[in-house]
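Please look over the sequence and the structure below before reading the report that follows.

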Amino acid sequence: MTRGHTELGDITPHNIKQLKLLNQVVFPVTYNDKFYKDVLEVGELAKLAYFNDIVVGAVCCRIDTSDNQRRLYIMTLGCLAPYRRLHIGTVMLKHVLKICEEDANFDNVFLHVQVNNDGAIKFYEKFGFKIVEEKKNYYKRIEPADAYVLQKTFRKVANKKQWRKIEQKFRNN
């Protein structure tokens, strides 16, 4: 199974059950009804991945506006094991990065990865993501419970010295 065609499709009320089933198989955590309700409302930020017309993967994101930043959070990005290494994850991640590029108002894109998931960590690092934090006991009911936060930064966040200059400029006007 080396040749094939990958395309992304919308998640709708008609195929949301396929996403639920896929997530149950791919991820060691369970997502609640609110997750799936929210996914139906994010449009381009959630896609099913089809390989030769078979649902084999999905990516689900949301916009996060915490810490005075506008960030894209990748909630899930996964592919069924037999279809890995066929660039399906790459197609999904490139879709997400293209959204960020076209929008141009995102400071960064980030996600959580279980600390022992070397394959996922290496995959994201190929696309310029870096481990920026370790969250102890992030996951409930799975081992290891710790997660890394991986992040790809688009805009440099001003440091304190730069902020003081900006604030001074506003005060003087």
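Tyr73 and Phe110 are both buried, where buried means under 20% relative accessible area, exposed over 50% and partly exposed in between, with a 1.4 Å probe and protein chains only. This is a predicted model, in which local features need pLDDT of at least 70, side-chain atom pairs count only at pLDDT 80 or more, and totals for chains, interfaces and linings use all residues. Residues are numbered from 1 along each chain as its sequence is written, and side-chain values use heavy atoms, with hydrogens and water left out.

Rings of Phe, Tyr and Trp (its six-membered ring) pair if their centres lie within 6.5 Å, and planes under 30 degrees apart count as stacked, over 60 as edge-to-face and the rest as tilted. By this rule the count comes to 9 aromatic pairs, including the two in the table.

| Aromatic pair | Centre to centre | Between the planes | Class |
|---|---|---|---|
| Tyr31 and Phe35 | 4.6 Å | 35° | tilted |
| Tyr73 and Phe110 | 4.8 Å | 40° | tilted |

The pair of Tyr73, in strand E4, and Phe110, in strand E5 (residues 108–114), links distant parts of the chain, 37 residues apart; helices (H or I, at least four residues) and strands (E, at least two) are DSSP runs, numbered from the N terminus. Tyr31 is partly exposed, with a relative accessible area of 23%, whereas Phe35 is buried, with a value of 9%. Together with Phe27 and Tyr36, these two residues, Tyr31 and Phe35, form one aromatic cluster.

Arg71 lies over the face of Phe110, at 3.7 Å from the ring centre, and Arg70 lies over the face of Phe106, at 4.2 Å; a charge sits over a ring if NZ of Lys or CZ of Arg is within 6 Å of the ring centre and within 35 degrees of the ring normal.
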